[in-house]
Amino acid sequence: MRDNVKGGALTEVTFYILLSLFTPKHGYAIMQFIEEKTGGRLSLGAGTLYGALNTLEDKGWIARYGNNEGGRKEYLITALGKEIAEIELARLQELTQTATKIIGGVL
């Protein structure tokens with residue numbers, strides 16, 4: 001996962017995972033969130049999702065939440081993860097504003 005290297009962009013999947021974890025969720029709920037919010041355009045397999053969750057946890061962007069009894073691990077975005085998501089939002093807003101000016105000026 002090459003997210004945010006030297007201030008670069010997050011992958012779309014990473015950004016959606018972070019957004020999904022502003023409230024605690026287990027893996028399947030994260031997959032459902034992403035599929036719902038993208039209208040089915042993005043659909044993650046379990047292997048892809050859990051690999052991403054492990055990486056994000058290692059980076060300190062998310063953390064396990066609760067006691068995880070019953071076998072389902074829940075995750076929640078951390079303060080650092082929220083900061084990363086806010087930076088990405090600002091980057092996307094700048095991109096959108098620039099594109100709107102250029103495309104709007106052409107049409």
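## Helices α2 and α3

Helix α2 (residues 27-37) and α3 have axes that come within 10 Å and cross at roughly 105 degrees. That makes α2 roughly perpendicular to α3, a label given to angles of 65 to 115 degrees, whereas angles under 35 degrees count as roughly parallel, those over 145 as roughly antiparallel and the rest as oblique. The axes are lines fitted to C-alpha atoms, for helices over the stretch in contact, and the angles run from 0 to 180 degrees between N-to-C directions. Helices (H or I, at least four residues) and strands (E, at least two) are DSSP runs numbered from the N terminus.

On the α2 side, G27, Y28, I30 and M31 meet A46, L49, Y50 and L53 of α3, where contact means heavy atoms within 4.5 Å. The residues of this contact of α2 with α3 comprise 7 nonpolar, 1 polar and no charged. Here Ala, Val, Leu, Ile, Met, Phe, Trp, Tyr, Cys and Pro are nonpolar, Asp, Glu, Lys and Arg are charged, and the others, Gly among them, are polar.

## The model

The model is predicted: local features need pLDDT of at least 70 and side-chain atom pairs count only at pLDDT 80 or more, while totals for chains, interfaces and linings use all residues. Residues are numbered from 1 along each chain as its sequence is written, and side-chain values use heavy atoms, with hydrogens and water left out.

## Helices α1 and α3

The axes of helix α1 (residues 12-20) and helix α3 (residues 46-59) come within 11 Å and cross at roughly 75 degrees. Helices α1 and α3 are therefore roughly perpendicular to each other. T14, I17 and L18 of α1 make the contact with L49, A52, L53 and L56 of α3. By class, the contact of α1 with α3 has 6 nonpolar, 1 polar and no charged residues.

T14, which lies in helix α1, counts as buried because its relative accessibility is 1%; buried means under 20% relative accessible area, exposed over 50%, and partly exposed in between (1.4 Å probe, protein chains only). The side chains of T14 and T11 are joined by a polar contact of 2.8 Å. Such a contact is a pair of N or O atoms within 3.5 Å; within protein, one must be able to donate a hydrogen and the other to accept it, and residues adjacent in sequence count only if both atoms are side-chain atoms.

## Strand pairing

Strand β1 (residues 25-26) is joined to β3 by 2 bridges, and the two run antiparallel; H26 has E74 as its bridge partner in β3. Strand β2 (residues 62-65) is also antiparallel to β3, with 4 bridges between them, and the partner of R64 in β3 is Y75. Two strands pair if DSSP finds at least two bridges between them.

Strand β3 (residues 74-77) has a covered face, Y75 and I77, and an uncovered one, E74 and L76.
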